[in-house]
Amino acid sequence: MTVQPTSADRPARTRADTPFRRIVRQFFENPLAVFGLIILVGLTVPSFLAPWVAPQNPYDIGTLDIFDSQLPPLSTSSSGDITYWLGTDGQARDVLSAILYGMRTSLIVAFSAVAGALFIGTAVGLIAAYFGGVVDAILMRTVDIQLSFPAILVALVLLSVLGQGIDKVIIALIVVQWAYFARTARSSAIVERNREYVLAARSLSLGSRRIIFRHMLPNTMPPLIVIATIDLAHAITAEATLSFLGIGVPVTEPSLGMLIANGFEFMMSGEYWISLFPGIALTLIVLGINLVGDHLRDILNPRNAQ
Amino acid sequence: MSFTRSHLFASTAALLLACSPVSAEDLVIGTKSEPSSLDPQFHVLSPNMQVSLAIFEPLVRQDAQGAIEPLLAESWELASPTEWDFHLREGVTFSDGTPLTAQDVVFSLDRVAKVPNSPTPFTLFTRQIAGVEALDDTTVRITTKQAYPNLTVDLVNLPIMSKAAASGDAPEGRTTTELNRGEGLIGTGPFTFVSWQKGADLILEANTSYWGEAPDWDRVIMRPMTNPATRSAALLAGDIDMMEDVPTGSVGQIEGDANAKIVSGPPARVIFIALDQERDDSPGISGTDGENPLKIKEVREALFRAIDREGIASRVMGGAAVPAGSLGTPNMFGTSADHEVPAPADPERAAQLLEEAGYGDGFSITLGSPSGRYVNDARVAQTVAAMWSRIGVKTAVDAAAAPVFFKNRDHRAYSAYLASWGNNTGEIGTTLGAQLATYDKDAGQGSANAGRYSNPELDALLSEASKTMDDDARAKLLEEADALAMSDFAILPIHFEVPSWGLRADLEYEARADQFTLPQNVTRSE
């Protein structure tokens with residue numbers, strides 16, 4: 001998350017003296033945002049260190065012993081060398097380890113999907129705004145068409161065509177999300193296009209590519225970063241939804257959504273921990289991202305800054 | 001305000017009256033899915049068959065264990081090896097009062113092939129029938145194309161319709177659409193049709209002129225509840241009296257409830273893993289230098305021995321499964337006695353077998369599985385994958401929704417896949433013929449054999465058995481065929497699903513091998 005303020009300070013550098021310091025200061029003035037950041041760091045760091053900190057590798061299915069399945073929290077494995085702090089699921093995976101690994105999968109999918117969507121969407125939006133006319137019309141109508149379909153439906157159709165796999169989920173989420181970025185990038189770029197510095201660059205007859213990416217892009221970034229943060233939460237929930245429906249990641253490498261889905265059938269018999277703990281993890285991470293994202297939006301909004 | 005309140009009160013009272021508990025003679029059944037049609041000859045599908053068998057009756061029926069017993073036909077004998085004479089029961093009338101005659105039987109069996117657009121046609125059960133004729137009012141002669149011992153098993157699935165009521169302008173008489181509305185839906189069965197709202201209740205009423213023993217119920221309501229957890233909750237809340245397929249997760253809860261109980265039945269459907277034994281370059285296999293290790297018997301045996309079937313039955317299936325050593329249940333006609341109980345899991349021996357086959361370092365394979373088609377299917381596949389991985393065969397699971405899975409399987413996109421087979425004949429010959437006979441589309445052999453196992457010796461035994469009328473001789477041939485296939489590890493049986501029903505504590509139901517829920521067989525305990 002710390003990369004965002006740094007990339008966000010570039011456009012502001014020309015306007016304020018120490019914009020980065022301002023953003024950091026404003027961010028830490030808000031206790032909710034700090035709380036969100038703590039949650040995020042507290043969850044993401046261990047999940048990316050999962051291979052070293054998790055008690056078990058739940059993806060190494062050869063090590064799973066079916067007789068250890070559905071154990072309640074705080075049980076000990078039949079071999080006696082692992083304590084299942086949060087219990088085990090129906091496949092005898094340690095729920096804590098599965099959450100750490102699953103969260104990593106969820107985060108990787110979400111980050112890659114948002115980065116991909118941000119890249120494609122921004123490029124499309126800038127090109128549409130800069131060239132205008134027919135190019136703008138064609139690109140923006142494509143965006144309109146894309147946005148008129150429910151996102152989850154598009155993803156469902158794509159995944160049933162592409163098949164299962166983490167890479168395919170990422171592709172599906174990029175396809176679903178790029179249009180939001182394109183629209184935002186275009187509207188903020190249109191404002192920039194008529195600014196004096198762009199006119200100046202044009203009068204120097206600089207190339208289109210240079211004007212778009214060197215001059216306009218940095219100034220259109222702040223709103224995009226805000227959207228990207230919020231979208232990260234969307235991507236995580238979308239991935240969880242797809243996996244919950246059984247068409248996302250492979251069943252042997254469950255993400256948070258699939259862990260929740262797997263535990264669903266055990267709820268009736270009182271084995272709550274299989275769904276509950278991954279559910280809490282998912283809620284916390286989305287909450288954390290939203291808190292940080294919301295506050296980032298307030299800080300980066302130029303109207304609030306003045 | 002006071003008006004509104006009294007108005008509200010009155011309407012609430014009316015609503016309460018409308019949903020007041022159904023009278024004691026009603027039976028409400030939560031089914032796992034609704035019929036696709038009420039036409040008894042449209043679609044071979046369990047939800048359809050069980051409704052048909054409440055309204056209509058076939059010439060012969062199967063008891064709960066699958067044994068054939070007389071129903072509309074009181075007795076039958078062979079006039080020649082291909083000619084069967086069935087004598088109809090006297091005094092049977094349709095629910096509209098007309099008597100049952102041989103003409104109704106001829107009409108019904110002739111109608112089968114004329115029903116258009118059937119997703120799974122009933123001709124499956126008439127393909128061996130060359131002709132049906134009425135010798136007199138109460139005798140029907142059925143001629144088969146060749147000596148065919150399983151004719152009565154096929155007839156179980158062919159309910160007799162009323163010729164008078166089901167005749168019509170279309171070639172098949174009353175069309176499927178008309179029958180779905182209840183027009184011409186006249187049978188001799190214990191219940192008559194009242195109403196059906198697709199997606200909601202199907203209501204039946206006792207047939208007051210039924211020839212046999214009257215059922216315990218005046219009205220039967222079959223309510224589709226696709227979510228198993230919803231069915232359990234409804235049973236525990238007393239909204240329904242009976243439910244199909246108790247999910248493994250709810251077993252403890254229902255058993256612990258004083259007002260509900262579970263009956264579970266003879267092991268039925270077999271779950272197995274089929275292996276590609278034809279192609280060298282089989283999809284999903286890697287680390288073998290382009291060879292297909294599944295062609296080697298030792299490798300197949302290793303995969304068989306790696307599976308802890310007891311563990312799967314107790315931990316994944318919650319006890320609702322019996323470990324399988326053959327595709328046929330232990331009491332099934334033709335199951336080899338040597339394979340009734342599977343050899344115990346032995347991962348060390350399995351690893352050794354891999355070593356002997358030259359795959360000591362293992363290989364990688366993808367196991368295809370449907371998700372949500374059979375009880376805990378994807379979880380069983382994952383558990384098998386874990387057990388295979390432990391002996392060095394790195395296994396990934398590709399679990400897909402049923403339509404996708406079956407499309408992939410038919411396109412042979414899997415080198416190994418988990419699937420299932422429900423045997424409706426009570427003889428292992430049909431199962432072996434579908435799963436392991438050499439694939440031959442025109443002859444209808446090996447119709448489900450996507451692993452393409454092929455063994456001329458097995459084919460010969462099965463073909464010989466299908467023509468053998470003598471039961472003892474046929475049993476011997478089938479047992480030999482079963483033993484041959486199982487000792488060759490042609491396919492890896494996992495377990496038999498044990499069907500279960502949830503019931504109100506004061507009801508009785510004998511669990512059926514065919515997994516049908518027949519309302520006429522639900523009784524009140526004394």
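## A walk through chains B and A

Start in chain B and select β4(B) together with strand β5 (residues 83-88): the two pair in the antiparallel sense, over six bridges. Keep in mind as you go that this is a predicted model. To see one spot along this pair, click Ala73(B); facing it in β5(B) is Leu88(B).

Now widen the selection to the whole sheet. What is the strand order here? Reading across, you get β4-β5-β7-β6 in chain B, an open sheet of four strands with antiparallel pairing. Look at the two ends: β4 (73-80) and β6 (129-136) of chain B are the edge strands, and each has a single partner, so one side of each has no neighbour in the sheet. Turn the view to look along the sheet and you can follow its twist, which averages 20° from one strand to the next. As background, strands of a sheet pair through backbone hydrogen bonds, either parallel or antiparallel.

Time to cross over to chain A. Show both chains and look at where they meet: 18 residues of chain A are in contact with 27 residues of chain B.

Chain A has 13 helices and two strands, and its C-alpha trace spans about 75 × 45 × 30 Å along the principal axes. Of its 306 residues, 46% count as buried. Among contacts in chain A with a separation of 6 or more, 68% are between residues 24 or more positions apart.

For the last stop, select helix α10 (residues 208-244) and helix α11 (residues 256-264) of chain A. Their axes come within 7 Å and cross at roughly 40°, which makes α10(A) oblique to α11(A). The crossing is right-handed. Which residues make the contact? On the α10(A) side, pick Glu239(A), Ala240(A), Thr241(A), Leu242(A), Ser243(A) and Phe244(A). On the α11(A) side, pick Leu256(A), Gly257(A), Met258(A), Ile260(A) and Ala261(A). Sorted by type, the residues of this contact come to seven nonpolar, three polar and one charged.

Note on methods
Residues numbered from 1 in each chain as written. Chains lettered and ligands numbered in written order. Predicted model: local features only at pLDDT ≥ 70, side-chain atom pairs only at ≥ 80, totals over all residues. Axes fitted to C-alpha atoms, helices over the stretch in contact; angles between N-to-C directions. Parallel < 35°, antiparallel > 145°, perpendicular 65-115°, else oblique. Left-handed = near helix turned anticlockwise from the far one by under 90°. Contact = placed C-beta atoms within 7 Å. Nonpolar A, V, L, I, M, F, W, Y, C, P; charged D, E, K, R; others polar. Pairing = 2+ DSSP bridges. Buried ≥ 20, exposed ≤ 12 C-beta atoms within 10 Å, placed from the backbone.
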